[in-house]
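Subject: Structure for you to look at

Hello,

Here is the structure I promised to pass on.

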Amino acid sequence: MEINIETFGTVKCTKPALSTCFDLVSMWSDDQTRASMGRLCAMAICVCGDDSRLPKTRHIVNIADYGSKCLDTLLGAGVPVNQILESGMQCIGLMASALPSAIEVKDTENFIEPQNLDS
């Protein structure tokens, strides 16, 4: 997937570690403030975006600090807030698609479950 970010140009996005995907996807909710959503989207862009100008981390330890660093980087480079929100949601969608669905988890449970040999 690629996103186009003003002043950065086209940025290739890849799925980060599954734990990071889970963390960021779990933070998303409909009742977030615009400020929280901005930090979340900025973090999503930075962990997914393959660009050396974006602050990187493998695991997000301090959400407020990393979110602020990502938002400062993007806003400081002149990226409009609406573009951060839009591109960040695309990245969150990419990360959500990396997580196993309930059906996939159930199929995996059935696959690894020992078979009853008494039948």
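Start with helix α2, residues 34-48. This is a predicted model. At 1.5 Å a residue, the 15 residues of α2 should span 21 Å, and the end C-alpha atoms are 21 Å apart, so the two values agree.

α2 is mostly covered. Of its 15 residues, 11 are buried. They are Met37, Gly38, Leu40 and the run Cys41, Ala42, Met43, Ala44, Ile45, Cys46, Val47 and Cys48.

Now the pair α2 and α4. Their axes lie 7 Å apart, at an angle of about 60°. The crossing is left-handed.

From α2, the contact with α4 draws on residues including Arg34, Met37, Leu40, Cys41, Ala44, Ile45 and Cys48. From α4, those involved include Val81, Ile84, Leu85, Gly88, Cys91, Ile92 and Met95. By type, the contact residues divide into 16 nonpolar, four polar and one charged.

α4 itself has 18 residues. From first C-alpha to last, α4 reaches 26 Å, close to the 26 Å expected at 1.5 Å a residue. Its buried residues are Ile84, Leu85, Ser87, Gly88, Cys91, Ile92, Leu94 and Met95. Their cover includes β1, α1, α2 and α3.

Best wishes

Technical notes:
Residues are numbered from 1 along each chain as its sequence is written. This is a predicted model: local features need pLDDT of at least 70, side-chain atom pairs count only at pLDDT 80 or more; totals for chains, interfaces and linings use all residues. Side-chain values use heavy atoms; hydrogens and water are left out. Helices (H or I, at least four residues) and strands (E, at least two) are DSSP runs, numbered from the N terminus. The expected span of a helix is 1.5 Å times one less than its number of residues. Buried means under 20% relative accessible area, exposed over 50%, partly exposed in between (1.4 Å probe, protein chains only). Axes are lines fitted to C-alpha atoms, for helices over the stretch in contact, and angles run from 0 to 180 degrees between N-to-C directions. A crossing is left-handed if the near helix is turned anticlockwise from the far one by less than a right angle, and right-handed if clockwise. Contact means heavy atoms within 4.5 Å. Ala, Val, Leu, Ile, Met, Phe, Trp, Tyr, Cys and Pro count as nonpolar, Asp, Glu, Lys and Arg as charged, and the others, Gly among them, as polar.
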